[in-house]
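Here is a short briefing on one protein model. Keep the sequence and the 3D view open as you read.

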Amino acid sequence: MSETLQTTDVAASDADLLAQTAIAVRAAGSALRERFGEVARYQSREELMSALAANDDTALDILRPRLTRLRPDAGWVEDELDGGALPSGEWWVVDPAEGNVNHLHALPEWAVTATLVRENQPVLTAVHLPLTGETYTALTGAGAHLDGRPLHVSQTADLGLSIVATSQARPDEDEKVVRRVGSSITAMLFDALVVRTAVPATLHLLNVAAGRIDAFWQFAGARADLLPGALLVTEAGGQISDAEGRPWTPQSESFLAAAPGVLAQAVVTLSR
């Protein structure tokens, strides 16, 4: 009995924590929305990086104190571009301006994300799209939701009828990764119905969770890119693996999220 009560208390605590996390990402998103609208002007990589950092700092000034109050003992991932496994315990993995470069170019595809990772497993995530006002949330064992409405991946069972998506390699990516991205897009152009290529990864993964697209893949990639979407997709009934069909971990060199009916077909295509 005591074990059951303890489990229930933890679930209730995490549900409340998710609600507070969603409030935090909405507040940060509102601050970034106020900075949105004009194309940022820059003449060098240094000026670009400065503009990106200014957006990050605007959101982090809101997110860091709020999330730290919620989980004072949780670690904080400083660099949203980092990959690999985290040390044991709880960690906040935050992307204060996912799709930051889009924001600077007055493009609408950007978001604010916050994910709590416990023993290297995402436990809860909140992703807010400030321009639409939408908030996507997921909690382990409790499903994925869009503004409280349950999300479900698509029922498509034929890759040839599927819309698929990928996120391009980042600037200064290793040449081997860039060439692998290019060859995978070519392979999907032959096998899938439509191939979408854009950043950021998280927005594609929201669409997989919502059943709007059927598969997403990426090579390399950072924790902050993939952990929110991985939890949303699995809680919406989807499956994740690496591009070879092996179990995905933050150390994996590739990532694939798909509706169950097309995952195996996507692995075959990406393995060519």
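Where is aspartate 147 found? Aspartate 147 sits in the loop between strand E6 (143–146) and strand E7 (149–150). The model is predicted.

**Backbone features in loops**

- Aspartate 147 has a positive phi of about 50°, although it is not a glycine.
- Aspartate 147 counts as partly exposed because its relative accessible area, 38%, falls between the limits of 20% and 50%.
- Glutamate 119 also has a positive phi, near 50°, and is a residue other than glycine.
- Glutamate 119 belongs to the loop between E3 and strand E4 (121–129).
- The relative accessible area of glutamate 119 is 49%, so this residue is partly exposed; exposed would need over 50%.
- Valine 199 and proline 200 are joined by a cis peptide bond, with omega about 5°.
- Proline 200 is in the loop that runs between strand E9 (194–197) and helix H5 (201–209).

**The open sheet and its helices**

- Five strands make up an open sheet, in the order E9-E8-E10-E12-E11, with mixed pairing.
- E9 and strand E11 (239–241) are the edge strands, and each pairs on one side only.
- From one strand to the next, the twist averages 15°.
- Strand E10 (residues 215–219) pairs with strand E12 (residues 254–258) in the antiparallel sense, over five bridges.
- Phenylalanine 219 has serine 254, in E12, as its bridge partner.
- H5 lies across strand E8 (163–166), E9, E10 and E12, and runs at about 155° to E10.
- Helix H7 (residues 263–270) lies across E10, E11 and E12, and runs at about 145° to E12.

**Nonpolar cores**

- In soluble globular proteins, nonpolar side chains tend to be buried together.
- The largest nonpolar core here has 34 residues. Tyr136, Phe216, Leu232 and Phe255 touch the most other members.
- Elements giving two or more residues to this core include strand E2 (90–98), strand E5 (134–139), H5 and E12.
- H6 gives the most to this core, with seven residues.
- A second, separate core holds 23 residues, among them Leu17, Val25, Ala59 and Ala74.
- Which residues does phenylalanine 216 contact, leaving aside its neighbours within four places in sequence? The contacts include Ala165, Ala201, His204, Leu205, Val208, Leu226 and Phe255.

**Threonine 115**

- Threonine 115 is placed in strand E3 (residues 111–118).
- Is threonine 115 buried or exposed? Threonine 115 is buried, because its relative accessible area is 0% and the limit for buried is under 20%.
- The side chain of threonine 115 makes a polar contact with the side chain of threonine 125, at 2.8 Å.
- Not counting residues up to four places away in sequence, threonine 115 touches Trp91, Trp92, Val93, Pro122, Leu124, Thr125, Leu227 and Pro228.

**Alanine 51**

- Alanine 51 is in helix H2 (residues 45–70).
- Alanine 51 and glutamate 98 are 47 residues apart in sequence. In space they are 14 Å apart, C-alpha to C-alpha.

Notes
Residues numbered from 1 in each chain as written. Predicted model: local features only at pLDDT ≥ 70, side-chain atom pairs only at ≥ 80, totals over all residues. Heavy atoms only, no water. Helix = DSSP H or I, 4+ residues; strand = E, 2+ residues; numbered from the N terminus. Buried < 20%, exposed > 50% of the residue type's maximum accessible area, 1.4 Å probe, protein only. Polar contact = N/O pair within 3.5 Å; in protein donor to acceptor, adjacent residues only side chain to side chain. Contact = heavy atoms within 4.5 Å. Pairing = 2+ DSSP bridges. Axes fitted to C-alpha atoms, helices over the stretch in contact; angles between N-to-C directions. Core = buried A, V, L, I, M, F, W, Y, C linked by side-chain atoms within 4.5 Å.
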